[in-house]
Amino acid sequence: MNASKPGVAGAAGGGAPGRGSDLRKLVAGRGPGVKWIRRHVLDTDDWSREEIETVLDQTRAMVEILSRPIRRAPPLRGRTVILFFAEVSTRTRVSFELAAKALSADVVNITATGSSVEKGESLLDTVRTLQALGGDVVVMRHGSSGAPYFVAERTESAVINAGDGWHAHPTQGLLDAYTLREAVGELGGKRVVIVGDILHSRVARSDINTLVPLGARVTLSGPPTLIPVAWRCGEVPAGVTYEPELDRALDGADAVIALRLQRERQESGLLPSVREYSRVWGLSEERVARMRPGAPVMHPGPMNEGIEIDAAVAHGSRSLIEKQVANGVAVRMALLYLLAAGVGGPDGAGLPNPIEKRG
Ligand code: CP
């Protein structure tokens with residue numbers, strides 16, 4: 001869809017009045033000017049390695065801001081970020097809120113329960129309302145795959161996909177890549193196992209779309225009924241393999257990402273039992289010891305401890321799970337900054353200066 005395609009190319013510099021050189025210094029670019037050409041963040045499936053690295057570099061600058069005694073910077077002063085969550089969320093919603101506030105944006109929260117969506121308001125009318133409210137950025141989670149694309153094509157706001165159906169969760173993919181790279185170094189040649197319900201996992205897809213361009217090799221493992229048929233039959237994306245035996249997949253791996261077991265899969269006949277799943281596919285201390293010494297364990301959350309991951313592993317020395325949550329704030333700051341602060345200047349992908357826009 002058009003909305004997923006790059007917008008007008010822009011380079012650092014030429015910032016709008018009131019957003020001076022301090023802003024540009026925040027852009028930890030490679031080379032003379034960062035190019036940021038995205039108007040929306042809908043998926044990373046068509047992102048280049050350079051774009052992913054721009055976000056990861058920018059994230060490091062945001063981690064620095066978050067380490068200060070006063071965790072606040074002014075780049076988004078005068079901007080409004082609308083968090084529109086039509087599906088439940090803890091980590092993503094709260095980290096976007098903290099990220100937007102750390103950059104001095106105004107934040108408005110809308111959830112499906114308690115909003116007019118409950119009264120049957122259509123997505124299109126909700127979008128029009130968000131537009132009228134003056135949202136510069138709309139961060140949205142929705143149960144329907146593709147909903148953020150629909151919104152992006154009908155609004156002037158920048159749209160960030162915070163998870164849509166089974167399709168994509170691009171900010172999770174980026175924060176997982178950042179967290180992993182900080183833990184194990186450059187990802188070129190590193191082998192990362194993703195285990196669990198691959199079929200229904202937007203996280204698995206976004207992790208693949210982010211880790212593979214950075215040079216990682218991804219091994220998928222999980223019950224055959226929870227792997228897309230084409231992938232199970234060998235038609236996997238470049239850089240990805242499927243290994244049905246979890247122990248073999250973990251042998252010598254550089255990291256593992258466990259996915260949440262969505263228990264309704266058992267009700268729909270895709271699993272014999274949760275206990276059986278845990279026995280065959282759960283991450284125990286014994287299992288993770290098959291990986292390289294110290295190789296990290298990740299999980300996007302929320303976790304079913306004792307099912308896809310034992311508590312001793314989830315909270316053990318290899319676990320990066322809390323770091324993933326913490327890095328989620330910095331990654332989302334980086335994305336908000338790149339989209340809303342307008343590093344592209346007047347001709348770039350950034351939004352108009354809020355003073356001009358509202359003046
Ligand atoms: N990882 C993740 O998306 O968690 P939440 O559902 O809590 O946002």
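**View 1. Proline 74 sits in the loop between α2 (49-66) and β1 (80-85).** Helices (H or I, at least four residues) and strands (E, at least two) are DSSP runs, numbered from the N terminus. This is a predicted model, in which local features need pLDDT of at least 70, side-chain atom pairs count only at pLDDT 80 or more, and totals for chains, interfaces and linings use all residues. Residue numbers start from 1 along each chain as its sequence is written. Proline 74 comes out partly exposed because it has 14 other C-beta atoms within 10 Å. For the labels used here, 20 or more other C-beta atoms within 10 Å of a residue's own means buried, 12 or fewer means exposed, and partly exposed is in between, with C-beta atoms placed from the backbone. Serine 104 is 30 residues apart from proline 74 along the chain, yet their C-alpha atoms are separated by 5.3 Å.

**View 2. Leucine 103 is among the core residues that touch the most other members.** Leaving out residues up to four places away in sequence, Leucine 103 touches Ala73, Pro75, Leu76, Met333, Leu336 and Tyr337. Contact here means C-beta atoms, placed from the backbone, within 7 Å. The core lies between domain 1 (2-169 + 327-354) and domain 2 (171-323), because both give residues to it. A nonpolar core is a set of buried Ala, Val, Leu, Ile, Met, Phe, Trp, Tyr and Cys residues joined through C-beta atoms within 7 Å, and the domain bounds come from an automatic or database domain assignment.

**View 3. Five strands make an open parallel sheet, in the order β7-β6-β5-β8-β9.** β7 (240-242) and β9 (297-298) are the edge strands, each pairing on one side only. Strands count as paired if DSSP finds at least two bridges between them. β5 (residues 191-195) runs parallel to β6 (residues 217-221), with 5 bridges joining them, and valine 192 stands opposite valine 218 in β6. Another 4 bridges join β5 to β8, again in parallel; here valine 193 has valine 256 as its bridge partner.

**View 4. Strand β8 (residues 255-258) is covered on both faces.** Ala255 and Ile257 are buried on one side, and Val256 and Ala258 are buried on the other. In a regular strand, side chains alternate between the two faces of the sheet. β8 also pairs with β9 in the parallel sense, over 2 bridges, with valine 297 as the partner of valine 256 in β9.

**View 5. Proline 224 is in the loop between β6 and α8 (229-232).** With 11 other C-beta atoms within 10 Å, proline 224 counts as exposed. Proline 224 touches Arg232 and Pro244, not counting residues up to four places away in sequence. Glycine 196 is 28 residues apart from proline 224 in sequence, and the two are 9.9 Å apart, C-alpha to C-alpha.

**View 6. The ligand is surrounded by Ser89, Thr90, Arg91, Thr92, Gly163, Gln172, Pro300, Gly301 and Pro302.** Domain 1 (2-169 + 327-354) and domain 2 (171-323) each contribute at least three residues to this shell. The shell divides into 2 nonpolar, 6 polar and 1 charged.

Note on methods
Near = placed C-beta within 6 Å. Nonpolar A, V, L, I, M, F, W, Y, C, P; charged D, E, K, R; others polar. Contact = placed C-beta atoms within 7 Å.
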